[in-house]
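Have it open while you read.

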Amino acid sequence: MRLSKFFLPLLRENPSEAQIISHRLMLRSGMVRQQAAGIYSWLPLGLRVLENVARIVAEELDAAGCVRVLMPTLQPSELWKESGRYDSMGKEMLRFNDRAERELLYSPTNEEMIVDIFRGYVKSYKQLPLNLYQIQWKFRDEVRPRFGVMRGREFLMKDAYSFHLDVEDAKREYAKMYDAYHRIFARMGLVAIAVNADSGAIGGNLSHEFQVLAETGESQIYYDQKVEDVMANMQGKQAWEIGEELRGLYAAADEQHKPDACPVPKERLREARGIEVGHVFFLGNKYSKAMGVTITGADGNPVTPEMGCYGIGVSRLVGAIIEASHDDNGIIWPESVAPFKIGLINLRVGDAKCDALCQQLYESLQSKGVTVLYDDTDERAGGKFASMDLIGLPWQVVIGPKGAEKGTVELKNRRNGEKVEMPVENALAQLLK
């Protein structure tokens, strides 16, 4: 993509309304625009990141045997009255009547609708287990929307729901999703700690939140110092190995931490703030029983299925990644979610050799499926460097008149700041790894 043709509305100053670094950087880098309190338009750069995050989530869930669906954002109130949650959700749930005076709501979550779909088609134990998921926009009318996409009213969420013949199989799926979550977050360059958590309005009697450590996090978490030891020795380990090491270590959020009953000695207990990026629940038969769902068991008798529920805040993850990966100059994207892998900078647009070498490299990378943002504007060099650092693409390739004369480029690693001058062929080989 040529920057001269791209829509990238950058801000040079920090917006006064942005309180945390991810909100500031998302506004400054032209990723989002606030349209109302807690409601954002996703602009081209931000949308590319959001789609990359959603793609990783979908790939890992598909690999775990989940099946994707898409439910409507508007739901009839009858389903929620059937489960008993219509009144208990309070003002967070947006409700209204259509022109025929039918009561509708904008879905904050989808347990009721997925149960309604399930009971319409699944009749036998032979059709279980079943795990259905979607990636869909949701709305919760927060009293105080803040921190940009971290605490918005409209948000993109992955919600999955599993159905099982018995508790044992439901807990097997719970553990399977627990591991899938570690793989998802690891692919995004994050280490998420699974902490014992309150089930809240979703319900159920087993629940874990996945928290990314950050000073701006809303949750207070308590954990064994050994968690830090695992995080400090991740190099060369697979995501499932890290998850397995973390699984047996104590970690609890907010009121789930009981000081008097904590199994960790005081000298090993650590406190920190965390950003919740995912949540898994064992629901039992809370919704299936309330909505009168049964299937035929192996013995021919009716059985009320057990359920699990698994959520990931897709749009929130974009903010969480920035909170975990930035410096004073801007964002530092992990390659897996970056809007473009490479920022190609032409220092002298109009110079025949600079233009030719940039075009050669641009076409070579694109032909190999590598995403490139080519700065072909007449902005001054300092402005180009500042913009590229701000938007945080993993690699910068700089071509100026002297380098073009010699057939060399400067390759910069955004994460560590290392700059190396090398022949264009060598740079191309490294970028294609």
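1. Start with the lining of the second largest pocket: α5 (167–187), β10 (206–213) and α7 (239–247) each put in at least two residues. The biggest share comes from α5, which gives 4 residues. Bear in mind that this is a predicted model.

2. How many residues line that pocket? The count is 26, and A186, G189, L190, V191 and M234 are the ones that lie nearest the centre of the second largest pocket. As for space, the second largest pocket holds about 640 Å³.

3. What sort of residues are they? In the lining of the second largest pocket you'll find 15 nonpolar, 7 polar and 4 charged residues.

4. Now turn to a helix pair. Helix α2 (residues 44–63) packs against helix α9 (residues 314–324) at an angle of about 110°, and their axes are 9 Å apart. Angles of 65 to 115 degrees count as roughly perpendicular, so that is how α2 and α9 sit relative to each other. The crossing of α2 past α9 is right-handed.

5. Which residues make the contact? On the α2 side, look for V49, L50, V53 and A54; on the α9 side, V314, S315, L317, V318 and I321. By type, the contact of α2 with α9 has 8 nonpolar residues, 1 polar and no charged.

Definitions and conventions:
Residues are numbered from 1 along each chain as its sequence is written. This is a predicted model: local features need pLDDT of at least 70, side-chain atom pairs count only at pLDDT 80 or more; totals for chains, interfaces and linings use all residues. Side-chain values use heavy atoms; hydrogens and water are left out. Axes are lines fitted to C-alpha atoms, for helices over the stretch in contact, and angles run from 0 to 180 degrees between N-to-C directions. Angles under 35 degrees count as roughly parallel, over 145 as roughly antiparallel, 65 to 115 as roughly perpendicular and the rest as oblique. A crossing is left-handed if the near helix is turned anticlockwise from the far one by less than a right angle, and right-handed if clockwise. Contact means heavy atoms within 4.5 Å. Ala, Val, Leu, Ile, Met, Phe, Trp, Tyr, Cys and Pro count as nonpolar, Asp, Glu, Lys and Arg as charged, and the others, Gly among them, as polar. On a 1 Å grid over the protein atoms alone, a cavity is a set of points where a 1.4 Å probe fits but cannot get out, and a pocket is an open set with protein on both sides within 12 Å along at least five of seven lines; lining residues have an atom within 4 Å of a point. Grid points are joined across faces, edges and corners, and a volume is the space filled by probe spheres set on the points.
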